Amino acid sequence: MEDKIKRLATNLAEIIPEPKEPQQVWDSLRFLMREQRDYFQKIPPENIIKVIFYVWSLKETGNLKLGEKMLNEISFALIFHHEGNYHKETCGHCDGQGSINCDECDSGKIECSECNGGGDETCEECDGSGEIENDGETLTCSECGGEGVVSCGECGGDGVVECNQCSYGNLTCNDCEGDGDVDTNEYEFFEHFIVTWDGYIKYRCEITEEDTDITMSEYEFDKRSAEFITLGFEESHAKFEPWVKENEMYCAYYSDNPRLKYNSEMEIVTSNYNLNYAAK
Ligand SMILES: [Zn+2]
Ligand SMILES: [Zn+2]
Ligand SMILES: [Zn+2]
Ligand SMILES: [Zn+2]
């Protein structure tokens with residue numbers, strides 16, 4: 001079996017581009033694994049871990065010794081963090097539209113209160129009679145042409161005016177302020193499943209596993225990115241206990257020998273950890 005793994009690593013080292021960090025070996029390999037899923041799915045994730053370190057070793061030194069040394073030192077950790085961003089959900093009040101129909105009007109128009117929608121108002125010149133008395137002579141009212149009514153000055157004869165509550169019948173949704181989605185009290189958070197050979201990261205994870213203590217800051221974690229490989233990365237959302245601070249990393253699980261599996265993206269993840277201690 002070990003020979004088979006080493007042979008696979010040797011073959012892969014010939015087609016994988018030169019890596020600057022071990023992470024890049026895994027990124028290239030995962031790309032191949034997704035393309036040839038049927039073949040790679042049959043290889044246990046534990047063996048793929050070995051392949052990663054052997055390929056790195058071959059690329060760095062031309063032999064497998066460095067890889068064997070690193071494999072003796074590795075541990076796995078599930079580290080999570082959030083960045084203070086609340087998870088958003090579609091606004092239930094407006095179904096994500098950001099606006100609702102105005103209940104004062106029909107498509108932005110309301111009945112003119114001046115003419116009650118008729119569009120006309122009584123001619124003031126003739127007081128509605130259509131006629132004007134002048135020196136005993138009866139003349140047709142020139143203002144209304146004898147009709148007794150003129151177009152309503154408020155609505156110009158349309159019978160309707162613009163609704164001043166809304167815009168074309170749409171009201172901005174108050175619940176989401178027009179965004180279409182609303183904050184929940186859950187945070188967006190990130191899970192990093194890593195394999196590391198770095199003494200400091202291993203020590204921090206070991207002493208803070210499932211603890212309320214910070215494992216390291218996000219800054220420190222990023223700074224040490226050459227000292228671990230992120231095997232799997234997932235985004236989710238949860239309501240956290242108050243002690244979980246933003247931009248700090250916490251270790252939910254630490255093990256030398258976890259149960260590994262592939263997720264749908266052919267990333268390597270573990271199922272035997274639990275976030276319940278941090279999430280409500
Ligand atoms: Zn809304
Ligand atoms: Zn309206
Ligand atoms: Zn009117
Ligand atoms: Zn008139």
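Mentor: Two strands pair if DSSP finds at least two bridges between them. The model here is predicted: local features need pLDDT of at least 70, side-chain atom pairs count only at pLDDT 80 or more, and totals for chains, interfaces and linings use all residues. Residues are numbered from 1 along each chain as its sequence is written, chains are lettered from A, and ligands are numbered from 1, in the order in which they are written.

Trainee: How many bridges join strand S5 to strand S6?

Mentor: Four bridges join S5 (residues 131–134) to S6 (residues 137–140), so the two strands meet the pairing criterion. They run antiparallel, and Glu133 has Thr138 in S6 as its bridge partner. Strands are DSSP runs of E with at least two residues, helices runs of H or I with at least four, both numbered from the N terminus.

Trainee: What do S5 and S6 form?

Mentor: A hairpin, with two residues between the strands. In the turn, Asp135 has a positive phi of about 55°.

Trainee: Why is one side of S11 and of S12 left without a neighbour in the sheet?

Mentor: The open sheet has five strands in the order S11-S13-S1-S10-S12, with antiparallel pairing. S11 (216–217) and S12 (228–238) stand at its edges with a single partner strand each, so one side of each has no neighbour in the sheet.

Trainee: Why are H4 and H5 called oblique?

Mentor: H4 (residues 45–61) and H5 (residues 65–73) pack at about 140°, with axes 7 Å apart. Axes are lines fitted to C-alpha atoms, for helices over the stretch in contact, and angles run from 0 to 180 degrees between N-to-C directions. Under 35 degrees is roughly parallel, over 145 roughly antiparallel, 65 to 115 roughly perpendicular and the rest oblique. The pair is therefore oblique.

Trainee: Which residues of H4 meet H5?

Mentor: Among them are Phe53, Tyr54 and Trp56, and the H5 side includes Leu66 and Met70. Contact requires C-beta atoms, placed from the backbone, within 7 Å.

Trainee: How many residues of domain 1 are in contact with domain 2?

Mentor: The domain assignment, automatic or from a database, gives domain 1 (1–71), domain 2 (73–89 + 184–280) and domain 3 (99–172). 17 residues of domain 1 touch 15 of domain 2. H2 (22–35), H4 and H5 each give two or more residues to the domain 1 side, and H2 gives the most, with six. The centres of these two domains, taken over C-alpha atoms, are 24 Å apart.

Note on methods: Two residues are in contact if their C-beta atoms, placed from the backbone, lie within 7 Å.
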